[in-house]
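Here's a quick briefing to read alongside the model. Have the sequence and the 3D view open as you go.

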Amino acid sequence: MKVVKHRLHQIDPILYPLNDDGLPGITVIIHGAGWDQAFASRPDIDDYCCWISRAQLPGRVYLLSWRSGFHSLNPLIRVRNFDRIEENAHRLGKDLKKILSALPSPRSPKIRLIGHSLGAHVITTALLNDDWTNFNLSDVILMGAAIGEDDYENCKPKQFWRRCISQVRRKILNCYSAYAQPLWLRSALRRDQFDCIGRAKGSHVSSRIRNISFTGTLSDRGDHDYFSSFDRVMNRVYPTSKRSSDYQVQAICKCPSCDETAMVNANCDDECPWCNITFEYRTSTQSPYWTYEPQEIWCPRCGKETIVVQAPGQEQCLRCRAKIDFDRRGSHVMYYD
Ligand SMILES: [Zn+2]
Ligand SMILES: [Zn+2]
């Protein structure tokens, strides 16, 4: 799949294709603000790739990455940075339809939008500012939305929900946590009367708006990190949906042999890119496993170079170039000469 690029000053949105298993439907996931990233820098997409892969969503899956960092050691600058990033989220929302129009055949397949925190703000702005009825926008999933129901000018909470839902063919799923600390901070700093959507049930009742509480169940102290629990979040949102077996789960972990950090295919044998040792990282236990523990032995021919032997098979000495067939019995390495 081709990376679709759009240049918007400072926001610099890029649609990264994460997977395509050939099944119908498109999912676009938009991340939120980068807490520990320098101002206007781009959060690392490898982390998102790994977290999102664990849910194995079918169809085409994209990550909309943008420059959302707002960190500063000075709290006053941090607040000002956040305001600017929030403005950028708003501008990105106004451009979202144009950005998604660049996807191959965007109008006919079902599109699902998932936004976390400021990424959810991007989506609500997009729904309020554009007519999406010529798109097949099926579901919108807001995860800890960093936007209030009365934040948009000339739009009361009831109108806000009605206008959003009128753009969506199926449902809006509002995932919230009453403990979400970062969202509390946002409202407190502005002395907002209303809380963020991501902290409570939506005030407007409709059969097409579903509120799902994650209060006290997310993995971080601020109860706002939906990505590192993305698999579990999607299981709650779609309890009966099937996983895509053609979506390779990925993980960032430490190689058990060389201790370097690497991104590997999880739940199957993969090679460490640093030391070429084969191991399987299992997401269920979050630990690496291997069938044969690597053993480093002296080359039986020249005796001047070591060879790392793992599975039975042929290895070559890098010094004398001898090719030697090895066999394994437990931790023992045997060779035929
Ligand atoms: Zn390694
Ligand atoms: Zn040798």
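This is a predicted model: local features need pLDDT of at least 70, side-chain atom pairs count only at pLDDT 80 or more; totals for chains, interfaces and linings use all residues.

Residues are numbered from 1 along each chain as its sequence is written, while chains are lettered from A and ligands numbered from 1 in the order in which they are written.

**Overall layout**

- The protein has six helices and 20 strands; these are DSSP runs numbered from the N terminus, with helices being H or I of at least four residues and strands E of at least two.
- Along the principal axes, the C-alpha atoms fill a box of roughly 85 × 45 × 40 Å.
- Of the 337 residues, 36% are buried (buried means 20 or more other C-beta atoms within 10 Å of the residue's own, exposed means 12 or fewer, and partly exposed is in between, with C-beta atoms placed from the backbone).
- Take the contacts between residues at least 6 apart in sequence: 66% of them join residues at least 24 apart (a contact needs C-beta atoms, placed from the backbone, within 7 Å).

**The core**

- The largest nonpolar core holds 74 residues, and Val28, Ile123, Leu142 and Cys175 have the most contacts inside it (a nonpolar core is a set of buried Ala, Val, Leu, Ile, Met, Phe, Trp, Tyr and Cys residues joined through C-beta atoms within 7 Å).
- Helix α2 (residues 75–101) gives this core its largest share, seven residues.
- Both domain 1 (4–237) and domain 2 (250–289) put residues into this core, so it lies between them.
- Beyond its neighbours within four places in sequence, Ile123 is in contact with Ile30, Gly93, Leu113, Gly115, Val140 and Leu142.

- One open sheet runs β13-β14-β15 with antiparallel pairing (two strands pair if DSSP finds at least two bridges between them).
- At its edges stand β13 (269–271) and β15 (287–289), each with a single partner strand, so one side of each has no neighbour in the sheet.
- Neighbouring strands of this sheet are turned by 45° against each other on average, direction ignored (axes are lines fitted to C-alpha atoms, for helices over the stretch in contact, and angles run from 0 to 180 degrees between N-to-C directions).
- Strand β14 (residues 278–282) is joined to β15 by three bridges, and Tyr281 has Pro288 in β15 as its bridge partner.
- Another open sheet has the order β18-β19-β20, again antiparallel.
- Its edge strands are β18 (313–316) and β20 (332–336); each has a single partner strand, so one side of each is left without a neighbour in the sheet.
- In this sheet the twist averages 45° from one strand to the next.
- Four bridges pair β18 with strand β19 (residues 323–329) in the antiparallel sense, with Phe326 in β19 as the bridge partner of Gly313.

- Ala40 has a positive phi, near 60°, and sits in the loop between β4 (34–38) and α1 (45–53).
- With 18 other C-beta atoms within 10 Å, Ala40 is partly exposed.
- Ser117 also has a positive phi, near 55°, in the loop between β7 (111–116) and α3 (118–129).
- Ser117 is buried, with 30 other C-beta atoms within 10 Å.

Technical notes:
Two residues are in contact if their C-beta atoms, placed from the backbone, lie within 7 Å. Domain bounds come from an automatic or database domain assignment.
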